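Please examine the sequence and the structure shown below before reading the report.

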Amino acid sequence: MATIGFALTFWAWDLVAPLASWYGDRLGLSSFEQSLLVAVPVLVGSLGRIPVGALTDRYGAKLMFPLVSALTIVPVLLLIPAKNSYGAMLAVGFLLGLGGTTFAIGIPLVNSWFPPAKRGLALGIFGMGMGGVALSGYFTPRIAKHGENLPFVVVAVALAAYAVLALFLITDRPDRPVPTASLATRLGRAGRLRVTWELSALYAIGFGGIVAFGVYLPTYLKTWYELDPTDAGTKAAGFALVTVLFRPIGGWFSDRIHPALVTAAALGFVALFAIVQAFDPPLNPGGTIALLCMAAGLGTASGSVFALVSQVTPQPQVGSVTGIVGAMGGLGGFVPPLVMGAIYSAKDSYSIGFMLLSDLALAGCVYAYGRMRTITPTTEGGGAPEVSKVAAPRP
């Protein structure tokens, strides 16, 4: 249920990106304005994970998942009247960011139900919910061909159905530790952990790369390789599908090898093929191979980083740390579309953007191998977390 909810809300979160070129033509937008339009939901969805993760620690996923899913219906439907105004689209995109916060609900839920030796694979399977981006890339433009408002209605109905099911089918672990400290105190404790920011940096490269490609790849393929919007959306969906499939693989390897080694290898792989793509190979086969290999590396790194989170974070703080790490990952996806749009507008080329990605990935590779291999569980900087136990029901 957590994975399905993650996928549906991610589809909602990514509704604008597959139609960005359509909005661009309709509203006469520049490359940078299109980039900003698809980046705003990413920014809000990323920052929103911080409070949502902390609230999940306190109130549980049984309340938060159906609540956030239901609230996301509002901006999805508001996309219909907003389509003729760039300002209105930016405002609705801000609200649409709510759909991107469910990541910080699902991680502590799944984490609480599995022993440490199995969390990597379990979290990787939950992470497959980011395939909502692939669903959006493939289905949204095709549904739109049957009615420009139809994708929003379909997603709104799906979210409503899920919210009702989640209310009855999602169950928090009965003895889960519940923090009694205030929201600000818990976020402060999580923020004082050095590992929170180290993991945030790695996740900003791995998951941030996935988000950035998810929202900008259709525009890149349409602009550089001159594909039509449907074909570009289909190929972007294929990229997202590969990241989805490799995320549990990253978690599975992390259950058997130190997750820092998995992360280092995956990011090194990304750096190599980002350099290849910087030389603008023909889409078939060179560009396709390079992009799909980057997708595999980014998906693997995303799975391994959160396997590391589950190993080194005290259970009562998983939601708070997840919120911060997830926010930084999402922010990692906010900046690249803006940078790529600005670089293309200025230089009429995307090569600089791909070289910057290779530099970041290589830096993450070196740091993961050199520092993160030696990390051990700690509550340094946060003290012993203040928690109470929810009493398990008597048989």
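Predicted model: local features only at pLDDT ≥ 70, side-chain atom pairs only at ≥ 80, totals over all residues.

Residues are numbered from 1 along each chain as its sequence is written, and side-chain values use heavy atoms, with hydrogens and water left out.

**The core**

A nonpolar core is a set of buried Ala, Val, Leu, Ile, Met, Phe, Trp, Tyr and Cys residues joined through side-chain atoms within 4.5 Å. Buried means under 20% relative accessible area, exposed over 50%, and partly exposed in between, with a 1.4 Å probe and protein chains only. The largest such core has 111 residues, and those that touch the most other members are Val76, Leu199, Phe213, Leu221 and Met294. Helix H14 (residues 283-312) gives the most to this core, with 14 residues. Helices are DSSP runs (H or I, at least four residues), numbered from the N terminus. Leaving aside residues up to four places away in sequence, Val76 touches Ala12, Leu15, Leu96, Phe152, Val155, Ala156 and Leu159; contact means heavy atoms within 4.5 Å.

**The backbone around H14**

Most residues other than glycine have a negative phi, and most peptide bonds are trans. Asp280, although not a glycine, has a positive phi of about 55 degrees. Asp280 is placed in the loop between helix H13 (259-278) and H14, and at 25% relative accessibility it counts as partly exposed. The peptide bond from Asn284 to Pro285 is cis, with omega near 5 degrees, and Pro285 lies in helix H14.

**The pockets**

On a 1 Å grid over the protein atoms alone, a pocket is an open set of points where a 1.4 Å probe fits, with protein on both sides within 12 Å along at least five of seven lines; lining residues have an atom within 4 Å of a point. Grid points are joined across faces, edges and corners, and a volume is the space filled by probe spheres set on the points.

| Pocket | Volume | Most lining residues from |
|---|---|---|
| Largest | About 510 Å³ | H11, 12 residues |

Among the 26 residues that line the largest pocket, Gly332, Pro336, Leu356, Leu357 and Leu360 lie nearest its centre. Helix H11 (194-224), helix H15 (318-347) and helix H16 (351-370) are the elements that give two or more residues to this lining. The lining of the second largest pocket includes Trp22, Lys145 and Phe152.
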